[in-house]
Amino acid sequence: MSDIHRHALKVLLILAALLAPAAAVAQGATLRMELSPCKLPDPAGEARCGTYSVFENREKRSGRKIDLKVVVLPATGSDRAPDPIFMIAGGPGQGAATIAPQLAGILAPHRTRRDIVLVDQRGTGASNPLQCGPPPGEEPARSLTRLMFDPEILKACRERLSERADLTQYTTVPAVEDLDEVRAALGYDKINLMGGSYGSRVVLVYLRQHPERVRGAVAWSIAPTNMANPLPFARNAQRALEDVLADCEADAACRAAFPKVREQFRQVMTRLESGPVTVKTPDPAGKEMSVTVDRGWIAEALRYVLYSEESARYLPQMIDRAANGDFGPIVRSGLQSRAGFAQGLTQGMLMSVVCSEDIPLIRPEDVKKAGEGTFLGDYRVRQQVEGCRVWPRAPMPPGYAEDVRSDRPVLLLSGEFDPATSPQGAESAIRGLSKARHVVIPDSGHGWGLDSTACVDRIVGDFLNAADASKLDTSCLSKVRRGPFATGAAGN
């Protein structure tokens, strides 16, 4: 399962020749930023790296500054286009420049003609990261079983981070202005935007604030400005779960191995209603530990399994094991996912975004209603609402949550059974996008997986070449299906 989770996280985020400095890439434009050759781990190869300073408070334009980490992966071919791809990471809390080696592999098919520009968004990666971490003295592995949004831990984190950061300055609007300033400093005129999950929101806000600079945009797992995350998570996860169970029942091998999987799932949830379970298991570093987790923690771990179709193939097997008293596979999977998020996301930046942009859109009466009839219930949204009570909230510009309106070409991609950002988010976003097309990837979760990668890469490549979504050939998606379920001995 560890390889599967690494792939799923790499997708959240769902090149070779070092040609010329960015000045030549931008066709002779005057630069306000110096980049130096830097070596990244394979498959990135050579790159050009640097930092660019911006004011933390962009309105005042005085006081503390943030050094943004920037990585440029030069185009590898001879027929080079002047418009690069600005790849925006997700989360909130993930830095694109910090994961340059992984993104280089994902974006390799699109780098032949275009530079790839990666910027650690303010508060992430190496751009004044707002990392919280476990309480002093607590083993990191032990913290993975805590509440994700423990108010006491967040309060201590807020006090510590406030000594070096104004936490109200780390939302999407100033981050988009940072991004455009980096564009200008690198000498690019027009750019192509790419971003998934929270990165899709950054793409949309950039389209709103700087439409004249956008040649085209690709966004997936859409989280528009009016989507009050994590309110939809419970309903989206339930829909994804029902699809997996139905596919198992329709699959001869899965049905034979787990003939009562739906009943077993109810048994597992009923067992957890009576109290937490204790499991002895290796932590993500391989050290054995005993952990006690409750129903909510298990439910959230199962939601993580649904993030990719690769890991979802193991879900019936996990349910069967738990129904027979062995919660080890689910707990280990949850620990791996939580460790990946803890390592890859800066929680302070995440809190600054969601507490200012999402949580204020949630009414008290929405919380219980959103979780009714779902296995996740109000567990996640209630945690985040409580956590945000102790975190600073930045005022949003008037109309921020309204539909983004743009006439630039946009390709929207959704996983059919995404447990976080369902296709409904893209349908909401497309209302204001006059030249957008929404493509749903069958049997996919949060991003897309191994079985659909080649097809999606071709669709995205065709869009980038033409900057036109209206005539895209998406017929290859008709062959995309969920792979076989795991029915043998559990891999974890």
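Student: Leaving aside its neighbours within four places in sequence, which residues is Met351 in contact with?

Tutor: This is a predicted model, by the way. In it, Met351 is in contact with Phe149, Leu154, Ser356, Gly387, Cys388 and Trp391, once neighbours up to four places away are set aside. To count, a pair needs heavy atoms within 4.5 Å.

Student: What makes H15 roughly perpendicular to H17?

Tutor: The axes of H15 (residues 347–357) and H17 come within 10 Å and cross at roughly 95°. Angles of 65 to 115 degrees count as roughly perpendicular, so that is the name for how H15 sits against H17.

Student: Which residues of H15 and H17 meet?

Tutor: From H15 you have Met351, Val354 and Cys355, and they meet Gln384, Gly387 and Cys388 of H17. The residues of that contact split into four nonpolar, two polar and no charged.

Student: Why are two of them called polar?

Tutor: Cys counts as nonpolar, whereas Gly goes with the polar residues. Gly387 is part of this contact, and the class counts come out as four nonpolar and two polar.

Student: Which residues have the most contacts inside the largest nonpolar core?

Tutor: Met351 turns up again: Phe86, Val182, Leu186, Leu193, Leu207, Met351 and Trp391 have the most contacts in this core of 70 residues. Helix H7 (residues 198–209) gives the most to it, with seven residues. There is also a second, separate core of 46 residues, with Phe233, Leu241, Phe258 and Ile319 among them.

Student: What does Val70 touch, not counting residues up to four places away in sequence?

Tutor: Val70 touches Met33, Arg48, Cys49, Gly50, Leu118, Val119, Val182 and Leu186. Take Met33: it is 37 residues from Val70 along the chain, and their C-alpha atoms are separated by 9.9 Å.

Student: How do you know that Arg215 forms a salt bridge with Asp83?

Tutor: The test is a side-chain nitrogen of Lys or Arg within 4 Å of a carboxyl oxygen of Asp or Glu. For Arg215 and Asp83, the closest N and O atoms are 3.7 Å apart, so the pair passes. Arg215 lies in strand S7 (residues 214–220) and Asp83 in the loop between S3 and strand S4 (85–88), so the bridge ties together parts 132 residues apart in sequence.

Student: Are Arg215 and Asp83 buried or exposed?

Tutor: The cut-off for buried is under 20%. Arg215, at 16% relative accessibility, counts as buried, and Asp83 is buried too, at 9%.

Student: Why is Glu159 called partly exposed?

Tutor: Partly exposed falls between the buried and exposed cut-offs, 20% and 50%. Glu159 has 45% relative accessibility, so it belongs there. Arg158 is partly exposed at 23%, and the two side chains meet in a salt bridge (3.6 Å, N to O).

Student: How many salt bridges does a search of the whole structure find?

Tutor: The search finds 29. Separately, Arg58, Arg122, Asp178 and Glu181 are linked in a network of salt bridges.

Student: What is the peptide bond from Gly91 to Pro92?

Tutor: That bond is cis, with omega near 0°. Pro92 lies in the loop between S4 and helix H3 (100–107). Another cis bond joins Asn229 and Pro230, where omega is about 10°.

Student: Where is Ser197 found, and what is its phi?

Tutor: Ser197 is in the loop between strand S6 (191–196) and H7, and it has a positive phi of about 60° although it is not a glycine. At 11% relative accessibility, Ser197 counts as buried. Asn128 also has a positive phi, near 50°, and is buried at 19%, under the 20% cut-off.

Key
Residues numbered from 1 in each chain as written. Predicted model: local features only at pLDDT ≥ 70, side-chain atom pairs only at ≥ 80, totals over all residues. Heavy atoms only, no water. Helix = DSSP H or I, 4+ residues; strand = E, 2+ residues; numbered from the N terminus. Buried < 20%, exposed > 50% of the residue type's maximum accessible area, 1.4 Å probe, protein only. Axes fitted to C-alpha atoms, helices over the stretch in contact; angles between N-to-C directions. Parallel < 35°, antiparallel > 145°, perpendicular 65-115°, else oblique. Core = buried A, V, L, I, M, F, W, Y, C linked by side-chain atoms within 4.5 Å.
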